[in-house]
Amino acid sequence: QMQLVESGGGLVQPGGSLRLSCSASGFTLEHYDVGWFRQAPGKEREGVSCIGSSGSFTNYADSVKGRFTISRDNAKNTVYLQMNNLKPEDTAVYYCAANFRGFCRPGRPVIPNDYDYWGQGTQVTVSS
């Protein structure tokens with residue numbers, strides 16, 4: 001069974017850091033583009049970042065550029081999202097997702113409909 005599991009969320013003060021992990025089981029993640037998304041209460045799910053299957057291309061939402069970094073370790077079948085200088089507006093449930101169709105590429109925004117396999121999410125709360 002193909003499964004994605006997020007971990008690493010929690011409560012952090014403004015200006016703090018967290019590293020989210022997205023681990024895959026039942027399939028080899030290195031063949032897939034992986035995206036990170038978030039959804040705050042009352043808001044639509046939005047794309048945060050994505051990384052191509054080879055790891056050579058990454059994309060970020062304007063709101064997180066310069067603060068978040070996506071990376072992957074295919075040997076561990078895991079993708080990471082390093083989040084620095086966190087702000088209260090980053091508070092949301094964060095999801096990782098995978099697609100096999102190469103949709104993480106230049107000129108294409110990170111959108112939920114491009115992704116086929118989803119994790120259950122991990123809560124990130126930024127508050128003093």
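This is a predicted model: local features need pLDDT of at least 70, side-chain atom pairs count only at pLDDT 80 or more; totals for chains, interfaces and linings use all residues.
Local features need pLDDT of at least 70, side-chain atom pairs count only at pLDDT 80 or more, and totals for chains, interfaces and linings use all residues. Residues are numbered from 1 along each chain as its sequence is written, and side-chain values use heavy atoms, with hydrogens and water left out.

Strands here are DSSP runs (E, at least two residues), numbered from the N terminus. Strand 5 spans residues 46-51. Five of its six residues are buried; buried means under 20% relative accessible area, exposed over 50%, and partly exposed in between (1.4 Å probe, protein chains only).

Two strands pair if DSSP finds at least two bridges between them. Strand 4 (residues 33-39) runs antiparallel to strand 5, with five bridges joining them. Arg38 sits opposite Glu46 of strand 5. The two strands make a hairpin with six residues between them. In that turn, Gly42 has a positive phi of about 80°.

Strand 6 (residues 58-60) is also antiparallel to strand 5, through three bridges. Here Ile51 stands opposite Thr58.

**Salt bridges**

Side chains of opposite charge can pair when their charged atoms come close. A salt bridge is counted when a side-chain nitrogen of Lys or Arg is within 4 Å of a carboxyl oxygen of Asp or Glu. The structure holds six. The table gives three of them, including two made by Arg38.

| Pair | N to O distance |
|---|---|
| Glu46 and Arg38 | 2.6 Å |
| Asp90 and Arg38 | 2.9 Å |
| Arg108 and Asp114 | 2.7 Å |

How exposed is each partner? Arg38 is buried, at 6% relative accessible area. Glu46 is partly exposed, at 34%. Asp90 is buried, at 1%.

Why does the pair of Asp90 and Arg38 tie together separate parts of the sequence? Asp90 lies in the loop between strand 8 (78-83) and strand 9 (92-99), while Arg38 is in strand 4, so the pair links parts that are 52 residues apart in sequence.

In the pair of Arg108 and Asp114, Arg108 is partly exposed at 27% relative accessibility. Asp114 is buried, with a relative accessible area of 5%. Elsewhere, salt bridges with shared partners join Arg38, Glu46, Arg67 and Asp90 into one network.

Key:
Helices (H or I, at least four residues) and strands (E, at least two) are DSSP runs, numbered from the N terminus.
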